[in-house]
Amino acid sequence: MVKYFCCAGLLKCSWDQACVAYWQRYPNPYSNHVLTEDIIFREITPSNCLISRRLMTKTSRAPRWMERYLPKHMASKAYVIEDSIVDPQKRTMTTLTWNISHARLMSVEERCVYGINSENSNWTEIKREAWISSKVYGLSRAIQEFGLARFKTSVTKTMKGFEYILAKMQGETPSRTLAETATERARETALAAKEKAKDLASQAQKKQYV
């Protein structure tokens, strides 16, 4: 069983600006989880398409109930491969990303297509698809649900990060509002409290059967 998710986003900038922003989007206040990005392959095809492959290192905070299945030295990091192809003739950029760390526990594949919006040629449309799967017997459904929820949150941050970089490119002064910061911290605190409660409940249940 695989969880499938799709959505569309809109950037109020030209396709050219969106492509430039894509390569410059790290770092930004919404991507603190991205630690490193390295180009490991790049070439221009005979048809003038730019093909790239990058390796990215990201923090990946797993819930407590999932951490027991991860090696201690790798529980907080994940390595992701990103392939991309920029076609200047068709004016499209297609990216495909997937994790190479903990793939048996949870695999997340994402495909994005950046193209010109059909209603406004000065805007860029993003069509996004994701496939989330797990091979852990008995826990695959819970892991997939967790992965889907985290992915949806990351999409929101990705779009805000894009807007932040675009504002900088256009000479504006982007800022992260105090309300946004407070809201995000509150959500993170609530999530941590929820996970702790689940962990304590699990421990209490185990003691009943000892």
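Which residue in β7 is the bridge partner of E110? In β7, that partner is A130.

## Basis of the model

This is a predicted model, in which local features need pLDDT of at least 70 and side-chain atom pairs count only at pLDDT 80 or more, while totals for chains, interfaces and linings use all residues. Residues are numbered from 1 along each chain as its sequence is written, and side-chain values use heavy atoms, with hydrogens and water left out.

## Strand pairing

Helices (H or I, at least four residues) and strands (E, at least two) are DSSP runs, numbered from the N terminus. Two strands pair if DSSP finds at least two bridges between them. Strand β7 (residues 124–133) runs antiparallel to β6, and 10 bridges join them. Strand β5 (residues 92–99) also pairs with β6 in the antiparallel sense, over six bridges. W98 has E109 as its bridge partner in β6.

## Aromatic pairs

A pair of aromatic rings is described by the distance of the centres and the angle of the planes. Rings of Phe, Tyr and Trp (its six-membered ring) pair if their centres lie within 6.5 Å; planes under 30 degrees apart count as stacked, over 60 as edge-to-face and the rest as tilted. The structure holds six aromatic pairs. One of them is F5 with F151, edge-to-face at 5.9 Å centre to centre and 75° between the planes. This pair links distant parts of the chain, with F5 in strand β1 (residues 2–11) and F151 in helix α3 (residues 140–169), 146 residues apart. F5 is buried (under 20% relative accessible area, with exposed over 50%, partly exposed in between, 1.4 Å probe, protein chains only), at a relative accessible area of 17%. F151 is buried too, at 7%.

The ring centres of Y22 and Y114 are 5.6 Å apart and the planes stand at 70°, so this pair is edge-to-face. It also links distant parts of the chain: Y22 lies in helix α1 (residues 15–23) and Y114 in strand β6 (residues 107–116), 92 residues apart. Y22 and Y114 are both buried. Together with W23 and F162, they form one aromatic cluster.

## Charges over the rings

A charge sits over a ring if NZ of Lys or CZ of Arg is within 6 Å of the ring centre and within 35 degrees of the ring normal. The charged end of R25 is placed in this way over Y22, 3.9 Å from the ring centre. R42 lies over the face of W23, 4.8 Å from the ring centre.
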